[in-house]
Amino acid sequence: MTKKKKRWLEEKSIEWVLIMVSVISILTTVGIVMTLFYESYEFFTVVSIKEFFTTLRWAPVFDPPSFGVLPLLSGTFLIAFLSSFISLPLGLGSAIYLSEFASKKARKIIKPILELLAGIPSIVYGFFALTFITPIIRSVLPDTSIYNALSASIAVGIMTLPMVASLSEDAMMAVPDSIRQGAYALGSTKLEVAIHVIVPAAFSGIGASFMLAISRAVGETMIVAIAAGQTPTFTLNPLESVQTMTGFMVNMALGDIQQGSIEFKTVFVVGALLFLVTLVMNFIAKFVIQKNREVY
Amino acid sequence: MQTKIRVENLNFYYGNFQALKNISMEIYENKITALIGPSGCGKSTFIKSINRMYDLIDGAVAKGSISFDEIEILDKNTDVVELRKRIGMVFQKPNPFPKSITENVLYGVKRHGDVPKIEWLALLESSLKKASLFSEVEHKLNQSAFSLSGGQQQRLCIARTLATKPEVLLMDEPTSALDPIATAKIEELLEELKKEYTVIIVTHSMQQAARISDYTGFFLNGELIEFGLTKTLFSTPKDKRTEDYITGRFG
Ligand SMILES: Nc1ncnc2c1ncn2[C@@H]1O[C@H](COP(=O)(O)OP(=O)(O)OP(=O)(O)O)[C@@H](O)[C@H]1O
Ligand SMILES: [Mg+2]
């Protein structure tokens, strides 16, 4: 075999291996999505779409059962919404500090700490919420339930904060120094440069980090299963116990349910809904980011 | 002829490296002073000392004195934000903000808040006119500055600097990234600008220095070798090294 032919064979075989790998991962995803939607379809042959999306009681294992998904949706969004009040401002604030104010030395110390924080398993945050945050909330507001949305939201917010900080900081560091210097040369203070020049210039990256944090919060499971409770409640009161879509799914997965039963199918239908919600959020994020992208 | 900036015994260090050695010179009001010299001789460093841009560089230290009207620029207590409003700077590469043309020009006044809102539009127009850019952009003031050509971007950066009403303009090779036509435009502009402003310009082109400046300083290895009227410096240089440089024998 000539050298040339050997190299050609090598290249081709590597190409094929790579194609196989991509095909496998695509097929897996397609398989998961198809299962979700097949089981959901089955679910909707028993329960009407109208009942699912408009009634306010979620009690699939009760007798008689009731399948209004709104409490799970409201629980999910309540926690995602409240957690973003912690993760977005604090994350962006840390990013601004790190990229525009911190000395090289401070950055060298703080950045690894943030990344460490991002590596803590979420179950740890869940117990932290239940055993540390909840008692503090209850000492201030004694009427709060042991399991409540606020405590879980705070923990989810703390958990997603490092991601916002780290990704936003990357985006801000990517803004060319020449632009920074231009702003300083016009007589700007550090804060003005950060807020009026760097943050807008890095908006697409910062927006991406925000959307990712909110997506993570929507999909977060362990913290909410532990700290938010298991009571599907249609409420906007953060001091009540709520259940999220993920919380419900993990709860069902842990109990013993009959395969093929309607309870079994609820897990898939809620999963499909969660999938759609995240998908829509990703699309919105993509759109926002594309629209604001600056290429330097 | 009025001295606008007086530099005395300026020594500049990047850590242990001395980039400027005992520089003394005067910058005259409403004149164009050109700084020439081979790469790495300290021209940019000199410019950065005048508006304290070196504050942004870790380990950079300037010693000596630079007085500007009543202010000692190198004094630790000098308000650099105020100073940079009065001494504007245009960089080698155009560096507009990723914002609209209008936002770029009005950036300074919006931050400083010393011009009432009703005057912003007039200021926008007059600054763009002074930078001879107005006619080219008047129909697209809300478009991104990045949609302009390099030469237009550079004039936008000049307009942005003029809008803060500086007294002195520092320009560090403002035409080195531009083609001859854009360069000619900016040179013409400088002739106009010197009526109102004091200009210090770094250039690599000796022809440019000879064409546009009233005074020229020749730097070499961190030293100011010769400083004087441009005409004199180019026709009868006193120092052998200046002569070698301007006749292209080295550098
Ligand atoms: N941030 C810095 N840190 C350390 N040394 C520096 C720094 N900036 C410049 N220098 C050094 O200081 C000297 C003068 O640099 P400067 O940028 O002032 O030269 P210049 O005359 O503007 O050159 P050019 O014509 O290439 O722009 C050079 O030897 C350079 O290596
Ligand atoms: Mg230079």
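Helices (H or I, at least four residues) and strands (E, at least two) are DSSP runs, numbered from the N terminus. The model is predicted, and local features need pLDDT of at least 70, side-chain atom pairs count only at pLDDT 80 or more, and totals for chains, interfaces and linings use all residues. Residues are numbered from 1 along each chain as its sequence is written, chains are lettered from A and ligands numbered from 1 in the order in which they are written, and side-chain values use heavy atoms, with hydrogens and water left out.

Figure 1. A pocket is an open set of points on a 1 Å grid over the protein atoms alone, where a 1.4 Å probe fits, with protein on both sides within 12 Å along at least five of seven lines; lining residues have an atom within 4 Å of a point. A volume is the space filled by probe spheres set on the points, which are joined across faces, edges and corners. The lining of the largest pocket comprises 28 residues, and A:Asp177, A:Arg180, A:Gln181, B:Leu56 and B:Ile57 are the closest to the centre. At least two lining residues come from each of helix H3 (70-101), helix H4 (104-118) and helix H7 (177-185) of chain A and helix H1 (43-50) of chain B. H7(A) gives the largest share, five residues. The lining contains ten nonpolar, seven polar and eleven charged residues, where Ala, Val, Leu, Ile, Met, Phe, Trp, Tyr, Cys and Pro count as nonpolar, Asp, Glu, Lys and Arg as charged, and the others, Gly among them, as polar.

**Figure 2. The second largest pocket.** About 170 Å³ of space lies in this pocket. Its lining includes A:Arg57, A:Trp58, A:Phe62, A:Gln230, A:Phe248 and A:Met252. Strand E1 (58-59) and helix H11 (245-254) of chain A each contribute at least two lining residues, and the largest share, three residues, belongs to H11(A). Eight of the lining residues are nonpolar, three polar and one charged.

**Figure 3. The surroundings of ligand 1.** Polar contacts are pairs of N or O atoms within 3.5 Å. A polar side-chain atom of B:Ser39 lies 2.4 Å from an oxygen atom of ligand 1, and a polar side-chain atom of B:Thr45 also lies 2.4 Å from an oxygen atom of ligand 1. For B:Cys41, a backbone N or O atom is 3.2 Å from an oxygen atom of ligand 1. Taken alone, ligand 1 exposes 630 Å², of which the protein buries 65%; accessible areas come from the Shrake-Rupley method with a 1.4 Å probe. H1(B) provides the largest share of the shell, three residues. The shell divides into five nonpolar, six polar and two charged residues.

Figure 4. Most residues other than glycine have a negative phi, and most peptide bonds are trans. The peptide bond from A:Asp63 to A:Pro64 is cis, with omega near 0°, and A:Pro64 lies in the loop between E1 and strand E2 (66-67) of chain A. B:Asn30 has a positive phi, near 55°, and belongs to the loop between E2 and strand E3 (32-36) of chain B. B:Asn30 is partly exposed, at 26% relative accessibility, whereas B:Asn221 is exposed, at 55% (buried means under 20% relative accessible area, exposed over 50%, partly exposed in between, with a 1.4 Å probe and protein chains only). Phi of B:Asn221 is positive, near 50°.

Notes: A residue is near a molecule or strand if one of its heavy atoms lies within 4 Å of it. A polar contact is a pair of N or O atoms within 3.5 Å; within protein, one must be able to donate a hydrogen and the other to accept it, and residues adjacent in sequence count only if both atoms are side-chain atoms.
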